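Hi,

Here is the structure I promised to pass on. Have a look at it first, and then read on for what turned up in it.

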Amino acid sequence: MSQARFIHLIKMVVFVLNRETSEIRVLTLASEPSQIPKNFAVQQNYPNPFNPSTSIEFHLPKASIVTLKVYDVIGYEVETLLKNQSLPAGIHATPFSSTGLPSGLYFYKLETNNMTFYRKMLLMK
């Protein structure tokens, strides 16, 4: 791979750092115009079932304010992964760690400017 191509690839990656925990919360996987998705979408987390961590991928066809939360089966919010985070158009992924959570069914909810998506995931310890 040429050095020019490598530098271009590095520019496509955007990290969001949680200042309190120093964890990376979002990785932009694609933001070139040819790779911008045509529709909003939330992919199934991978792996699923998972232990101890998983990745949640979502597609934004335009720049959006994003909130991503995880809930347990009775609707209690267990973690906010992203809160009113401004992200560019592209394909993004954020990790979720189940540290301190029991096995069971969980749901994640992604909210953008005017769309809301839900998916379920299974934690098996």
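In what order do the strands of the open sheet of four strands come? They run β6-β5-β8-β9, and the pairing is antiparallel. Before going further, please keep in mind that this is a predicted model.

The edges of that sheet are β6 and β9 (116-123). Each of these two has a single partner strand, so one side of each is left without a neighbour in the sheet. On average, and with direction ignored, neighbouring strands here are turned by 15° against each other.

Now for the β5 and β6 end of things. β5 covers residues 64-72, and strand β6 covers residues 77-87. The two run antiparallel and are joined by seven bridges.

One is Thr67, which sits in strand β5. Is Thr67 buried or exposed? Its relative accessible area is 9%, under the 20% cut-off, so Thr67 is buried. A polar atom of the Thr67 side chain lies 3.1 Å from the backbone nitrogen of Asn84. Not counting residues up to four places away in sequence, Thr67 touches Leu82, Lys83 and Asn84, as well as Lys109, Leu110 and Glu111.

The other is Val78, in strand β6. Val78 has 25% relative accessibility, so it counts as partly exposed. Once its neighbours within four places in sequence are left aside, Val78 is in contact with Val70, Tyr71, Asp72, Leu101 and Tyr106. Val78 and Tyr108 are 30 residues apart along the chain, and their C-alpha atoms are separated by 9.9 Å.

Next, the aromatic rings. How many aromatic pairs does a search of the whole structure find? It finds one. The rings belong to Phe50 and Phe96; their centres are 6.0 Å apart and their planes are at 70°, so this pair is edge-to-face. It links distant parts of the chain, as Phe50 is in the loop between β3 (41-42) and β4 (53-60), while Phe96 is in strand β7 (residues 90-97), 46 residues apart. Both are buried: Phe50 has a relative accessible area of 2%, and Phe96 has a relative accessibility of 1%.

That brings us to the inside. In soluble globular proteins, nonpolar side chains tend to be buried together. The largest nonpolar core in this model has 20 residues, and the members that touch the most others are Phe58 and Phe96. The elements giving two or more residues to this core are β4, β5, β6, β8 (104-111) and β9.

Key:
Residues are numbered from 1 along each chain as its sequence is written. This is a predicted model: local features need pLDDT of at least 70, side-chain atom pairs count only at pLDDT 80 or more; totals for chains, interfaces and linings use all residues. Side-chain values use heavy atoms; hydrogens and water are left out. Buried means under 20% relative accessible area, exposed over 50%, partly exposed in between (1.4 Å probe, protein chains only). A polar contact is a pair of N or O atoms within 3.5 Å; within protein, one must be able to donate a hydrogen and the other to accept it, and residues adjacent in sequence count only if both atoms are side-chain atoms. Contact means heavy atoms within 4.5 Å. Rings of Phe, Tyr and Trp (its six-membered ring) pair if their centres lie within 6.5 Å; planes under 30 degrees apart count as stacked, over 60 as edge-to-face and the rest as tilted. Two strands pair if DSSP finds at least two bridges between them. Axes are lines fitted to C-alpha atoms, for helices over the stretch in contact, and angles run from 0 to 180 degrees between N-to-C directions. A nonpolar core is a set of buried Ala, Val, Leu, Ile, Met, Phe, Trp, Tyr and Cys residues joined through side-chain atoms within 4.5 Å.
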